[in-house]
Amino acid sequence: MSASMRTAGANRSVWSVYRPRRGAEFVVRAQISTKGEQEHVKSQILAYTAPLDKGRGATLEDARRIETYVDQIEERSSVVRLDDPNVEEELLAGRWKLLYSSEFVPGNAKNPGNAVRPAEFSPVKIGSVMQMIDAKEKRLDNVVDLEVSFSLANILRDRIETPRVIACLGHSYSISGARTMRITYDRTTLQPQGGIFSSWVQSIPELTIPSVLNFLDDSFRSSSFDVVFLDRDLRITRGDRNELRIFISVS
């Protein structure tokens, strides 16, 4: 046998050893394709929701398109496993900023009570909405920045800082099944900031407000939602009152 034939035979034997089986090769390619599609849909969700002011600037057509994007990313993702302690501590826990809520979309059929934009007639403007999740303490707190938009400060806005109140709505939480979170309200704290007497106001300690809800049964103070998508950057939930919420992780 010539040297060239021996070399060709050796090459064929090496390829036969390391060539992946057709089935395995298909699975790998499918996984890469699905991951790529998931990242593409994820980027669409982030880009589309960013300018919508938590949903207050959205139209019904925007809401429908966002629902479609969320359906697509659910189809391309595995089921979230919040019952895995590693997932709860490494992905779920942390600081999350609300990007979009279907509750804020004017005229949304899923939220018929929201027929007008809440900021149009309210003296209080909702600023950023943060959600703090502590996996060890099983706490979920919604921190809302409220700006007083109709006051003396509104007239003198170029001279003084707009008065604000940081409201923290505290909840305990539990996990049911693979991806359902049940939260139970237990307290509200308020921290005034800014305004005419900004330096004095900021020295006021947080105020804990008693709520009539504390005297009601847990069923009146509780709600639940499913985490339908979760990674290190993005969390999407569907609530028991049909609300869709999208959060982005904040370091």
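Me: How do you know how far to trust the model?

Reply: This is a predicted model, in which local features need a pLDDT of at least 70 and side-chain atom pairs count only at pLDDT 80 or more, while totals for chains, interfaces and linings use all residues. Residues are numbered from 1 along each chain as its sequence is written, and side-chain values use heavy atoms, with hydrogens and water left out. The pLDDT is the predictor's confidence in each residue, from 0 to 100, and the protein averages 77, with 65% of the residues scoring at least 70. Over residues 2-32 the pLDDT is below 50, and beyond near neighbours in sequence this stretch has two contacts in the model (a contact means heavy atoms within 4.5 Å). Residues 112-121 also have a pLDDT below 50, with 14 contacts beyond near neighbours in sequence. Where pLDDT is low, the predicted coordinates should not be read in detail.

Me: Why is serine 224 called buried?

Reply: Buried means under 20% relative accessible area, exposed means over 50%, and partly exposed lies in between (1.4 Å probe, protein chains only). Serine 224 has 19% relative accessibility, so the residue counts as buried. Serine 224 is found in strand E7, where eight of the nine residues are buried. Not counting residues up to four places away in sequence, serine 224 touches Thr180, Met181, Arg182, Gly239 and Asp240.

Me: Why is glycine 107 called partly exposed?

Reply: Glycine 107 has 37% relative accessibility, and therefore counts as partly exposed. This glycine 107 lies in the loop between E1 and E2, and its C-alpha atom is separated by 8.4 Å from that of threonine 59, which is 48 residues away along the chain.

Me: How do you know that the buried residues of H4 line one face of the helix?

Reply: The buried residues of helix H4, which covers residues 85-92, are Val87, Glu88 and Leu92. Seen down the axis of H4, they fall within an arc of 100 degrees, so they line one face of the helix; the arc is that of the directions from the helix axis to the C-beta atoms. The cover over these buried residues includes strand E1 (94-101), strand E4 (164-176) and strand E7 (222-230).

Me: What makes E7 a paired strand, and which strands are its partners?

Reply: Two strands pair if DSSP finds at least two bridges between them. E5 and E7 pair in the antiparallel sense over five bridges, with threonine 184 standing opposite serine 222 in E7. E7 and E8 also pair in the antiparallel sense over five bridges, and in E8 the bridge partner of leucine 230 is arginine 235. A hairpin of three residues joins E7 to E8.

Methods: Helices (H or I, at least four residues) and strands (E, at least two) are DSSP runs, numbered from the N terminus.
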